[in-house]
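Thanks for coming, everyone. I'd like to walk you through one model today, helix by helix and then charge by charge. Let me put it on the screen.

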Amino acid sequence: MDVQHFERITAFIEARLTPLFDEATGSERGFAMDDTSRALRALRNAVLEASAVKGLIEKRATAEPALRRVIDQSVEHHWDVLRGIARQWEDHGDFLREFKRHAWELDEALAAPAATEG
């Protein structure tokens, strides 16, 4: 799994959420204290928090084996959170097939081209 996966899925979700907060689109949601606004803020916060784990990916290469396992588990968990959110827009034209894959499937996809190059 690499940082670009997190960047792509986060950008996709943000592109779906941002118009819901934009007053220019006539939205009155997102900033008030009604339940819909609260839900939108909670969803956006969940996306931002889950995507922040991408910072751990860089530290994985130099981490001790025990810490590497914890990083892997954290990355996989947060990817699953983002994947579940993104799949709500599975029928959208910008939805990428990688958003359906589990973290380990993305690792396998990255390893396959490297194995055929050697």
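Let's start with helix α4, residues 65-86: at 1.5 Å a residue, its 22 residues should span 32 Å, and the end C-alpha atoms sit 31 Å apart, so the two agree. That expected span is 1.5 Å times one less than the number of residues. Helices here are DSSP runs (H or I, at least four residues), and strands are E runs of at least two, numbered from the N terminus.

Quick housekeeping: this is a predicted model, so local features need pLDDT of at least 70 and side-chain atom pairs count only at pLDDT 80 or more, while totals for chains, interfaces and linings use all residues. Residues are numbered from 1 along each chain as its sequence is written, and side-chain values use heavy atoms, with hydrogens and water left out.

Zooming out, the protein has five helices and zero strands. Of its 118 residues, 30% count as buried, meaning under 20% relative accessible area, with exposed over 50% and partly exposed in between (1.4 Å probe, protein chains only).

Back in α4, the buried residues include Ile 71, Val 75, Trp 79 and Leu 82. Arg 83 is buried too, at a relative accessible area of 12%.

So who does Arg 83 pair with in a salt bridge? Asp 80, at 3.3 Å, N to O. By salt bridge I mean a side-chain nitrogen of Lys or Arg within 4 Å of a carboxyl oxygen of Asp or Glu. Arg 83 and Asp 80 are about one helical turn apart, because three residues separate them in helix α4. Asp 80 itself is partly exposed, at 31% relative accessibility.

The structure holds seven salt bridges. Another one joins Asp 72 to Arg 60, with the closest N and O atoms 2.5 Å apart. That pair links distant parts of the chain, with Asp 72 in helix α4 and Arg 60 in helix α3 (residues 54-60), twelve residues apart.

Now over to helix α1. There's a bend of about 30° at Ala 15, and Pro 19 follows within four residues; the bend is the angle between axes fitted to the seven residues ending there and the seven starting there.

A polar atom of the Arg 16 side chain lies 2.9 Å from the backbone oxygen of Phe 12. Leaving aside neighbours within four places in sequence, Arg 16 is in contact (heavy atoms within 4.5 Å) with Trp 89, His 92 and Asp 94.

Definitions and conventions. Polar contact = N/O pair within 3.5 Å; in protein donor to acceptor, adjacent residues only side chain to side chain.
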